[in-house]
Amino acid sequence: MSDPLLQVEAIDVAYGDIQVLYGLSFEVHAGEIVTLLGSNGAGKTTTLRAITGLRPPQAGQVRFRGESLAAVPAAGRAGLGIALVPEGRELWPQLTVKENLELGAYGPQARPHAKQNLEKVFTMFPRLEERQQQLAGSLSGGEQQMCAIGRALMSEPVLLMLDEPSLGLAPILVDQVMRTISDLHATGMTILLVEQNLHRALEVSQRGIVIETGRLRLHGSSAELAASPEIRAAYLGL
Ligand SMILES: Nc1ncnc2c1ncn2[C@@H]1O[C@H](COP(=O)(O)OP(=O)(O)O)[C@@H](O)[C@H]1O
Ligand SMILES: [Mg+2]
């Protein structure tokens, strides 16, 4: 296998005095979809924040294409092609769909291509094109998720991370989000997915990583995890 695109190496992350991640390590290879699993509060969102630079680790480090990101601030990491679709979408509700999307292209690398990338996003999500002048806060939950994904795509990501993108969506929209993730993967994008919907996540991904109270608990191919008695008991209710 090629060198990993992303290497999380023994990171400790704390909020003030409260340590949340303990020596967490895993890798994501170029072209993979990897799912990060774990119960509420396990540290999944914190892991993504450590990778984006919003919550730098106290120990350990994150490497991207082999280079340490320790000295690279969050904006610089976006410029390297690391994008996050945050938990709860975090759109600007009082701005239009188009304005939200354009704000995704704020980096110096992506800005010159904003127009073409907006066209690509509209091709992928015709619904957003129809509603481009509508305030983002007035979109349905599914449309907001598309808008949040579209905004991340405007930064031309190499590694796209999605934090519980299907949360709160009706099953038909969950299908749509999962299809979008597969389509992006088919274009060569590498994806790190945090998903509560374990069945769907393991269907779409090649590998899974399970964290428990901030530590690596299990990792394996999606097929292995889906067959694991431990996973079936803990997450699949089987
Ligand atoms: N901003 C914060 N300040 C203090 N504690 C936090 C903060 N964000 C998350 N935590 C705590 O860190 C732990 C991991 O949270 P999080 O990474 O959001 O978990 P997950 O995404 O797996 O549900 C939880 O115990 C949570 O309460
Ligand atoms: Mg979370």
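Leaving aside its neighbours within four places in sequence, C147 is in contact with L91, V97, N100, L101, L128, A136 and L139, where contact requires C-beta atoms, placed from the backbone, to lie within 7 Å. The model is a predicted one, in which local features need pLDDT of at least 70, side-chain atom pairs count only at pLDDT 80 or more, and totals for chains, interfaces and linings use all residues. Residues are numbered from 1 along each chain as its sequence is written, while chains are lettered from A and ligands numbered from 1 in the order in which they are written.

C147 also stands out in the largest nonpolar core: among its 64 residues, C147, M161 and L193 touch the most other members. Such a core is a set of buried Ala, Val, Leu, Ile, Met, Phe, Trp, Tyr and Cys residues joined through C-beta atoms within 7 Å. Helix α6 (residues 141-153) provides the largest share of this core, with six residues. In soluble globular proteins, nonpolar side chains tend to be buried together. Over the chain, 42% of the 238 residues are buried, a residue being buried if 20 or more other C-beta atoms, placed from the backbone, lie within 10 Å of its own.

Turning to the overall fold, the chain has 10 helices and 10 strands, taken as DSSP runs numbered from the N terminus (helices H or I, at least four residues; strands E, at least two). The radius of gyration of the chain is 17 Å, close to the 18 Å from the globule rule for 238 residues, so the chain is as compact as a globular protein of that length. Here the radius is taken over C-alpha atoms, and the rule is 2.2 Å times the number of residues to the power 0.38. Of the contacts with a separation of 6 or more, 67% join residues 24 or more positions apart.

Four strands form an open sheet in the order β2-β1-β4-β5, with antiparallel pairing; pairing requires at least two DSSP bridges between two strands. Its edge strands, β2 and β5 (67-68), each pair on one side only. Strands β1 (residues 4-15) and β4 (residues 59-64) pair in the antiparallel sense over five bridges, and Q7 has R63 of β4 as its bridge partner.

Conventions: Buried ≥ 20, exposed ≤ 12 C-beta atoms within 10 Å, placed from the backbone. Contact = placed C-beta atoms within 7 Å.
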